[in-house]
Amino acid sequence: MLLDTFGRQAVDLRVSLTDRCNLRCTYCMPEEGLQWLGKSDLLTDEEIVRLVTLAVHDLGMREVRFTGGEPLLRPGLVSIVAACAQLAPRPELSLTTNGIGLARTAKALREAGLDRVNVSLDTLDPETFHTLTRRSRHQDVLDGLAAAESAGLLPVKLNAVLMRGVNDHEAADLLGWCLERGYQLRFIEQMPLDAQHGWDRSQMITAEEILERLRTRFDLTPETTAERGAAPAERWLVDGGPGSVGVIASVTRPFCRACDRTRLTADGQVRNCLFATGETDLRTALRSGASDAELAALWRAAMWGKKAGAGIDDPEFHQPDRPMSAIGG
Ligand code: SAM
Ligand code: SF4
């Protein structure tokens, strides 16, 4: 098991497959992109499968989510998913993606054993999409969503970040659009994880504001904490259900107490929190011939050092060196 000193058990593994991306979301990375990891720094497909295997067999992972950067840019994605789907016990397999290219790969991913996708879409308007992502790919995302649905990657989930003065007026429209299609929408509070350090607490749209905007059109009833479990999103039934909406309030209402995650970066570093300032290097150990037992021991020690909380709203908070796109969101 992967335990920490606060009694939490990690069962949910986030694996970043690349730090590269074909969008440039303003809250994530600068226009010019970043200094990408070199090929030899990246774990190979075989190395990823070995680490996921030991995480499932020896460390008790029940869920594996592939992310990035943009995971659909990883050429070996389908075969990595297929290998992970062969594991026993079989973990739940999901993908967090911007949806570009999903129209082409959704079916192959489903056949390889992927269970679900979370597609990030912040706006229904192609121009606002360009303002937010600096690319004209809105239709590709819509096509990707439709393909995910017809491939049976269900339920289709959507992630949205609201930026003041850009798309915050669209909260209720996005929810209405998702309810019509049976997509599950979650809003994520903007976090201080952008490479350009542009996050400003006074400018972010808080969970309270998101709910206020939604309540102008919908009746929201909170789900109980018991129903929430370890999920970071607080959920509300919309107009009495069955539709619902989630809000991940990592800044204003963090849920670190119930966190059940562990993270593996594309260059083989274990992180015990998105906001951790340290990492544990599994890649060097792995390439120096470490056994599964030795790698598992390193991973356990990394999680044992997990802090009680991320403390984003604390005055002494320090943003981690790596941006979200290089950690794996
Ligand atoms: N490229 C994929 C995508 O966009 O879904 C996967 C990686 S992305 C880093 C994962 C999620 O993090 C996306 O839903 C994105 O909106 C969210 N994200 C990125 N930067 C963020 C920030 N500064 N605050 C909150 N969420 C952020
Ligand atoms: Fe790319 Fe996802 Fe970051 Fe947008 S949020 S720039 S899609 S990694």
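**Briefing on the predicted model**

Leaving aside residues up to four places away in sequence, Leu-158 touches Val-119, Leu-121, Leu-145, Trp-177, Cys-178, Tyr-183, Gln-184, Leu-185 and Arg-186. These contacts, like everything below, come from a predicted model.

**Leu-158**
- Leu-158 belongs to strand 7, which covers residues 157-161.
- With a relative accessible area of 0%, Leu-158 counts as buried, because the cut-off for that term is under 20%.
- Val-81 stands 77 residues from Leu-158 along the chain, and the C-alpha atoms of the two are separated by 21 Å.

**Aromatic pairs**
- The count of aromatic pairs comes to 2.
- One of them is formed by Trp-177 and Tyr-183, which are edge-to-face, with 5.8 Å from centre to centre and 65° between the planes; both Trp-177 and Tyr-183 are buried, and both are among the residues that Leu-158 touches.
- Phe-275 and Phe-317 have ring centres 5.7 Å apart and planes at 65°, so this pair is edge-to-face as well.
- Phe-275 and Phe-317 are both buried.

**Ligand 2**
- Around ligand 2 are the residues Cys-21, Leu-23, Cys-25, Cys-28, Met-29, Gly-69 and Asn-98.
- Sorted by class, the shell around ligand 2 holds 5 nonpolar and 2 polar residues, and no charged ones.

Methods. Residues numbered from 1 in each chain as written. Chains lettered and ligands numbered in written order. Predicted model: local features only at pLDDT ≥ 70, side-chain atom pairs only at ≥ 80, totals over all residues. Heavy atoms only, no water. Near = heavy atom within 4 Å. Nonpolar A, V, L, I, M, F, W, Y, C, P; charged D, E, K, R; others polar. Helix = DSSP H or I, 4+ residues; strand = E, 2+ residues; numbered from the N terminus. Buried < 20%, exposed > 50% of the residue type's maximum accessible area, 1.4 Å probe, protein only. Contact = heavy atoms within 4.5 Å. Phe/Tyr/Trp six-rings, centres within 6.5 Å; stacked < 30°, edge-to-face > 60°.
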